[in-house]
Amino acid sequence: MATERTFSILKPDATKRNITGAVNAVIEKAGLRIVGQRRIQMSKAQAEKFYEVHSARPFFGELVEFMTSGPVVVQVLEGDNAIAKYREVMGATNPAQAAEGTIRKTFSESVGENTVHGSDSAENAKLEIAQFFQDSDIAA
Ligand code: CMP
């Protein structure tokens, strides 16, 4: 299996509830390594750019408002098959449909406030990492 990198965000509902360490423990237990990590306040422009693909969706305004409502932790995760593995560890977008033991099943309260984001493809992982990290910020 190939070593990959994926992009992760611990969303404002995670920082607000002070559960970023608990979420990171699940990530590490799954065999993913946190090789880059920074706590930031996302600007409206950054959130709009990041979620541009969803700009026509009815929940876009709400999504941008939520993602800028408090600090987030942006991360680069590394491991075998990291992109698919992290999506498995996160669980379904809607926590009501997420499998037992996943981050969203354990911690999330709604589809909007679903605690974590993870890239959905290798191409998007690269673009998303590049929006928030420079190569020199990532310690492999
Ligand atoms: P994420 O994986 O970060 O990518 C897009 C986000 O849009 C998704 O997680 C959800 O948090 C959010 N989202 C998806 N569907 C809805 C919805 N019906 N209402 C509010 N937010 C949503």
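This note goes through the ligand site of a predicted model and the record annotations that bear on it.

1. Because the model is predicted, local features need pLDDT of at least 70 and side-chain atom pairs count only at pLDDT 80 or more, while totals for chains, interfaces and linings use all residues. Residues are numbered from 1 along each chain as its sequence is written, and side-chain values use heavy atoms, with hydrogens and water left out.

2. Around the ligand (a heavy atom within 4 Å) are Lys11, Tyr51, His54, Phe59, Glu62, Leu63, Thr93, Arg104, Val111, Gly112, Asn114 and His117.

3. Among the polar contacts (pairs of N or O atoms within 3.5 Å), a side-chain N or O atom of Tyr51 is 2.6 Å from a ligand oxygen, a polar side-chain atom of Lys11 lies 2.8 Å from a ligand oxygen, and a polar backbone atom of Val111 is 3.1 Å from a ligand oxygen. Of the 460 Å² of accessible area that the ligand has on its own, the protein covers 80% (Shrake-Rupley method, 1.4 Å probe).

4. Lys11 is placed in the loop between β1 (3-10) and α1 (12-16), where helices (H or I, at least four residues) and strands (E, at least two) are DSSP runs numbered from the N terminus.

5. The UniProt annotation "domain: Nucleoside diphosphate kinase-like", from an unreviewed entry, covers residues 3-140, and such annotations may be inferred rather than shown by experiment. Over residues 3-140 the chain is 40% helix and 20% strand, with the end C-alpha atoms 11 Å apart.

How values were computed. Polar contact = N/O pair within 3.5 Å; in protein donor to acceptor, adjacent residues only side chain to side chain.
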